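User: I am new to this structure and would like to learn how to read its features one at a time. Can we go through it together?

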Amino acid sequence: MRSAFEQLAQFGATGDGGVNRPTFSEAHLAARAWFREHIQTAGLDFRTDGAGNHGSYLPCGPEDAPALLLGSHLDSVPNGGRFDGALGVMAALEVLKTIKEHELRRRTNLEVIDFTDEEGTLVGLLGSAALAGHLSPDLLQNPRGGRSQLAAGLQRAGLSDESALNAARPKGSLAGYLELHIEQGKRLESLGKQIGIVTAIVGIWSYRLSFIGRADHAGSTTMQDRLDASLGASAFTLTARELVLHDFPSCVVNVGRMDFVPGAFNIVPEQVVLALEFRSPDEDEFTRLDLALLDRARQEATRFGLQLKIEHLGKHAPVPMDENIQGAIAHACDDLKLTHASLASGAGHDGQSLADLCPVGMIFVPSVAGASHSPREFTQWEDCVNGANVLLQTVLRLTI
Ligand SMILES: [Zn+2]
């Protein structure tokens with residue numbers, strides 16, 4: 001597994017330990033071609049679908065039994081790390097190889113998948129959304145990476161909108177989805193635990209908030225006379241942090257952008273448009289946080305004599321992981337004498353697309369210093385092996 005993992009890390013290698021493999025870039029296409037060859041060399045069946053999801057199918061169960069899907073993604077963010085996604089795909093393939101070598105018969109069949117565009121160069125969770133039947137023509141017309149980039153990328157990979165829209169799997173065809181991934185945070189490291197059992201993938205809620213005051217001469221208007229939009233926006237940013245720190249310890253909030261209008265040294269800001277995003281692993285808490293944040297925004301606007309415009313940009317609900325799978329992972333860790341902790345994933349993953357299609361579970365291994373989406377991303381090889389062993393033992397438990 002290590003030699004395969006290291007070969008894979010050469011595709012798009014940036015020379016500083018990282019990889020640059022945005023979806024359907026030359027390096028990504030080369031990595032995919034290598035993966036296909038690697039599967040075939042191992043004597044396994046290669047499979048692909050209309051969304052470009054790549055993988056392998058092992059008929060180790062009854063012919064009409066559903067498949068337990070194992071995987072992750074081979075694409076990366078620009079100048080990302082070599083572990084994010086790649087570890088999960090290579091470990092999944094290793095599990096299939098092991099079960100094939102030992103000629104084990106299971107209750108279900110097994111399938112490995114490399115999901116297309118998990119990182120969102122083009123659409124975000126493109127392959128898993130297609131597989132789960134969540135893709136829509138509208139989404140493909142207006143993707144976050146731009147329509148022309150998507151069209152060109154699909155064409156380079158020999159795919160199309162139509163083929164992607166036809167990649168949905170029927171309900172009942174999957175027994176579950178299981179993914180090994182690096183944590184991308186430092187909770188496991190801080191807790192001194194070897195394995196993370198994911199309880200939920202956090203939901204994400206985003207808003208555009210506009211604090212609206214009045215433009216005035218920045219020299220001749222007294223401080224008392226100003227309706228300065230920046231004060232509401234700044235006060236809100238600070239109070240949002242305090243709110244989450246004190247009352248919502250399992251949540252995070254981010255103000256990722258502020259645009260000042262008109263935006264000049266000598267004009268009191270008339271308007272500040274702020275990009276607000278917050279995340280929670282729990283739906284009830286999420287709703288309470290939403291109400292509390294908007295309430296604080298209104299209070300700060302009123303305090304500085306401003307108007308507030310609230311635009312809701314979208315919400316992805318938190319996705320709880322299957323409890324039976326969490327239990328199987330915990331037993332696998334105990335069997336292997338590995339320490340474990342339960343935690344929510346603050347990052348999005350393909351599993352969230354699949355949760356209404358089949359039970360979903362995720363296994364985390366520690367990220368050194370929590371670094372990810374960076375060439376500094378690193379996981380000790382021993383932890384990668386632990387993760388792969390937990391994946392294997394969990395699969396064996398779930399398919400007994
Ligand atoms: Zn990932």
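User: Where is the place of Phe 24?

Analyst: This is a predicted model. Phe 24 sits in the loop between helix 1 (2-8) and helix 2 (26-41).

User: What is the phi of Phe 24, and is the residue buried or exposed?

Analyst: Phe 24 has a positive phi of about 65°, although it is not a glycine. Phe 24 counts as buried because its relative accessibility is 0%, and the cut-off for buried is under 20%.

User: Which value does phi take in Leu 125?

Analyst: Phi of Leu 125 is near 50°, again a positive value in a residue other than glycine. Leu 125 belongs to the loop between strand 4 (109-114) and helix 4 (126-131). With 16% relative accessibility, Leu 125 counts as buried.

User: Which residues does a cis peptide bond join?

Analyst: The bond joins Val 261 and Pro 262, with omega at about 0°. Pro 262 is found in the loop between strand 8 and strand 9.

User: In what order do the four strands of the open sheet come?

Analyst: The order is 8-9-7-10, and the pairing is antiparallel. Strand 8 (252-261) and strand 10 (307-316) stand at the edges; each has a single partner strand, so one side of each is left without a neighbour in the sheet. On average, neighbouring strands of this sheet are turned by 15° against each other, direction ignored.

User: How many bridges join the strands to strand 9?

Analyst: Strand 8 pairs with strand 9 (residues 271-280) over nine bridges, in the antiparallel sense. Strand 7 is joined to strand 9 by 10 bridges, and these two also run antiparallel.

User: Which residues stand opposite each other there?

Analyst: Asp 259 stands opposite Val 273 in strand 9, and Val 253 stands opposite Phe 278 in strand 9. Leu 209 has Leu 274 of strand 9 as its bridge partner.

User: Why is strand 9 described as largely enclosed?

Analyst: Seven of the 10 residues of strand 9 are buried, so the rest of the structure largely encloses this strand.

User: Which helices lie across the strands?

Analyst: Helix 9 (residues 229-247) lies across strand 7 (203-212), strand 8 and strand 9, and runs at about 175° to strand 8. Helix 10 (residues 283-303) lies across strand 7, strand 8, strand 9 and strand 10, and runs at about 10° to strand 7.

User: Which residues make the contact?

Analyst: From helix 9 they are Gly 232, Ala 235, Phe 236, Thr 239, Ala 240, Leu 243 and Val 244. Helix 10 brings Leu 289, Ala 292, Leu 293, Arg 296, Ala 297, Glu 300 and Arg 303. The residues of this contact divide into nine nonpolar, two polar and three charged.

User: How many residues has the largest nonpolar core?

Analyst: That core has 50 residues, and those with the most contacts inside it are Phe 35, Met 90 and Leu 178. Helix 3 (residues 86-101) gives the most to this core, with 10 residues. There is also a second, separate core of 24 residues, which includes Ala 233, Leu 274, Ala 292 and Ala 301.

User: What is Phe 35 in contact with?

Analyst: If neighbours within four places in sequence are left aside, Phe 35 is in contact with His 54, Gly 55, Leu 74, Val 89, Met 90, Leu 93, Val 112 and Asp 114.

User: Where is the place of His 54, and is that residue buried or exposed?

Analyst: His 54 is in strand 2 (residues 54-58). His 54 is buried, with a relative accessible area of 7%. Leaving aside neighbours within four places in sequence, the contacts of His 54 include Arg 32, Phe 35, Phe 46 and Ile 113.

User: What separates the C-alpha atoms of His 54 and Ala 200?

Analyst: They are separated by 26 Å, and the two residues are 146 residues apart along the chain.

Technical notes
Residues numbered from 1 in each chain as written. Predicted model: local features only at pLDDT ≥ 70, side-chain atom pairs only at ≥ 80, totals over all residues. Heavy atoms only, no water. Pairing = 2+ DSSP bridges. Axes fitted to C-alpha atoms, helices over the stretch in contact; angles between N-to-C directions. Contact = heavy atoms within 4.5 Å. Core = buried A, V, L, I, M, F, W, Y, C linked by side-chain atoms within 4.5 Å. Buried < 20%, exposed > 50% of the residue type's maximum accessible area, 1.4 Å probe, protein only. Nonpolar A, V, L, I, M, F, W, Y, C, P; charged D, E, K, R; others polar.
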